[in-house]
Amino acid sequence: MSLLGNAFTSFQQRLKLKAVYMYAAGFYTYSIFALIFWETRRSDFGVSMSHHVATVILIVLSYILRFARIGSVVLALHDASDIFLEITKMSKYSGAEAMASFAFILFVLSWIILRLIYYPFWILWSTSYGVIQMLDKY
């Protein structure tokens with residue numbers, strides 16, 4: 001591939017990453033306003049609000065500090081278990097207790113695997129210690 005082709009491919013990848021970041025920041029910013037103005041106040045309001053505010057701050061700071069590549073991996077990893085949490089909440093609010101219990105079990109399993117095992121032992125290791133080892137070789 002030519003040098004111009006490589007530069008264009010790199011530009012496309014950066015543009016896609018920027019789009020993912022803008023989507024995520026927009027989603028969590030919208031969630032803050034939705035919690036304040038539109039949604040019914042539930043018992044987890046404070047926890048949910050602090051989660052959304054912290055997430056927006058982390059997304060913005062990681063983009064400004066040029067950690068968007070690893071930030072996108074962390075976003076994908078952390079948001080994957082949120083799917084089961086939302087299914088659990090919808091099932092609970094609609095009265096489907098069996099579905100809520102099953103979805104909550106899936107949420108807990110995915111949370112443990114993705115956030116307590118995969119994130120620290122693969123993602124953090126490869127972006128901190130693994131990088132240092134690689135740089136020492138060169």
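Modeller: The lining of the second largest pocket divides into 18 nonpolar, 6 polar and 8 charged residues; here Ala, Val, Leu, Ile, Met, Phe, Trp, Tyr, Cys and Pro count as nonpolar, Asp, Glu, Lys and Arg as charged, and the others, Gly among them, as polar. This is a predicted model, in which local features need pLDDT of at least 70 and side-chain atom pairs count only at pLDDT 80 or more, while totals for chains, interfaces and linings use all residues. Residues are numbered from 1 along each chain as its sequence is written, and side-chain values use heavy atoms, with hydrogens and water left out.

The second largest pocket holds about 850 Å³ of space. A pocket is an open set of points on a 1 Å grid over the protein atoms alone, where a 1.4 Å probe fits, with protein on both sides within 12 Å along at least five of seven lines; lining residues have an atom within 4 Å of a point. Points are joined across faces, edges and corners, and the volume is the space filled by probe spheres set on them.

Of the 32 lining residues, S48, H51, H52, E86 and K89 are the closest to the centre of this pocket. At least two lining residues come from each of α1, α2, α3 and α4, helices being DSSP runs (H or I, at least four residues) numbered from the N terminus. With 11 residues, α3 gives the most to this lining. The largest share of the lining of the largest pocket also comes from α3, with 9 residues.
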